[in-house]
Amino acid sequence: MGLFGFFSKEKKETLDKGLEKTKDSFFGKLSRAIVGKTTIDEDVLDELEDILVSSDVGVETTVKVIKRIEERVARDKYASTAELDSILRDEIAALLTENKSVDNQDSFETEHLPKPYVIMVVGVNGVGKTTTIGKLAHQFHQRGHKVVLGAADTFRAAAVDQLKLWGQRVNVPVIDHGMNTDPSAVAFDALKKGTETGADVIIIDTAGRLHTKVNLMNELSKIKRVMQKIIPDAPHEVLLVLDGSTGQNAVIQAREFTKVTDITALAITKLDGTAKGGVVIGISDEFKIPVKYIGVGEKMDDLQVFDRAEFVDSLFKKIG
């Protein structure tokens with residue numbers, strides 16, 4: 001498979017490297033499972049089911065994939081174990097397409113977006129939320145777009161300070177009121193500043209954790225209402241950041257956040273340090289929310305726009 005769209009050779013190599021642990025773990029297990037076997041029989045499918053679940057694809061998604069393979073094997077009458085990787089590749093690619101995780105092209109271009117485009121970022125502490133915001137700001141800024149950040153995670157001093165450092169690092173303004181202040185007031189002022197200065201993108205950080213789901217829901221709802229006093233259709237995007245290295249914990253977090261607010265896009269971080277990259281497939285399938293960004297390294301540009309075709313290509317590279 002060749003390179004697609006906006007993907008550069010360097011980005012593709014970073015993606016390949018970032019998914020190495022997942023690929024090596026998964027296909028190492030798969031190779032051991034089919035050694036000495038020639039046909040895709042019930043035993044092979046049972047082994048494959050265990051491998052998918054242990055790779056954090058998730059039980060429901062795994063069952064769906066296995067059923068599709070069973071149907072395909074029955075339809076084709078004979079399928080060898082040598083074909084298993086290509087069959088699996090086809091079914092995972094099809095699943096990602098059906099679940100809206102289609103190729104996003106270059107999500108850092110803003111010509112087709114409302115101006116200013118308001119992104120509200122949510123996620124628990126420790127998933128890389130503030131770092132993700134900094135990397136997003138950098139990549140928008142690098143493309144010549146004017147960016148304003150709002151430090152509305154006011155319950156954690158480190159979050160405000162960290163976002164201010166990112167603002168300095170990538171040369172974009174950060175609106176903050178300090179710690180233990182009203183998050184919605186910060187969001188209001190960030191949108192006001194962005195509107196007045198002609199910003200293309202405004203990114204609002206929010207609290208990673210409140211005492212109860214009710215508190216979280218109320219806080220996020222209040223931030224939205226206050227922002228809409230400045231920009232009636234804000235936020236245009238609610239981005240949930242998840243740590244891919246936590247596997248099924250990331251799925252649980254997604255489940256909780258989708259209960260309290262309308263999530264429109266996902267960013268899955270830290271895939272380069274884990275063998276649990278299969279969680280991207282499971283999360284996409286369960287929540288039917290597009291995966292928009294994936295983190296595959298520490299560098300600024302290693303937060304990549306998720307491309308379904310490239311993800312599957314990297315996951316199955318040099319196999320078969």
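Buried means under 20% relative accessible area, exposed means over 50%, and partly exposed lies in between (1.4 Å probe, protein chains only). This is a predicted model, where local features need pLDDT of at least 70, side-chain atom pairs count only at pLDDT 80 or more, and totals for chains, interfaces and linings use all residues. Residues are numbered from 1 along each chain as its sequence is written, and side-chain values use heavy atoms, with hydrogens and water left out.

View 1. Helices (H or I, at least four residues) and strands (E, at least two) are DSSP runs, numbered from the N terminus. The C-alpha trace spans about 65 × 40 × 30 Å along its principal axes. Of the 320 residues, 56% count as buried. Contact means heavy atoms within 4.5 Å. Among contacts with a separation of 6 or more, 79% join residues 24 or more positions apart.

**View 2. Lys270 has a positive phi, near 60°, in a residue other than glycine.** Lys270 sits in the loop between strand 6 (265–269) and helix 11 (279–287). Its relative accessibility is 33%, so Lys270 counts as partly exposed.

**View 3. Asn171 also has a positive phi, near 65°, and is not a glycine.** The loop holding Asn171 runs between helix 7 (157–170) and strand 3 (174–175). Is Asn171 buried or exposed? Asn171 counts as exposed, because its relative accessibility is 59%.

**View 4. A cis peptide bond links Lys115 to Pro116.** Omega is near -5° for this bond. Pro116 belongs to the loop between helix 5 (84–98) and strand 1 (117–122).

**View 5. Another cis peptide bond runs from Ala234 to Pro235.** Here omega is near -5°. Pro235 is in the loop between helix 9 (213–227) and strand 5 (237–243).

**View 6. Gln304 is part of strand 8 (residues 303–305).** Its relative accessible area is 2%, so Gln304 is buried. How far apart in space are Gln304 and Leu15? They are 8.3 Å apart, C-alpha to C-alpha, yet 289 residues apart in sequence.

**View 7. Residues 290–303 carry a UniProt annotation, "domain: SRP54-type proteins GTP-binding", from an unreviewed entry.** UniProt positions are given in the numbering used here, feature names are shortened, and annotations may be inferred rather than shown by experiment. Over residues 290–303 the chain is 0% helix and 43% strand. The end C-alpha atoms of this stretch are 16 Å apart.
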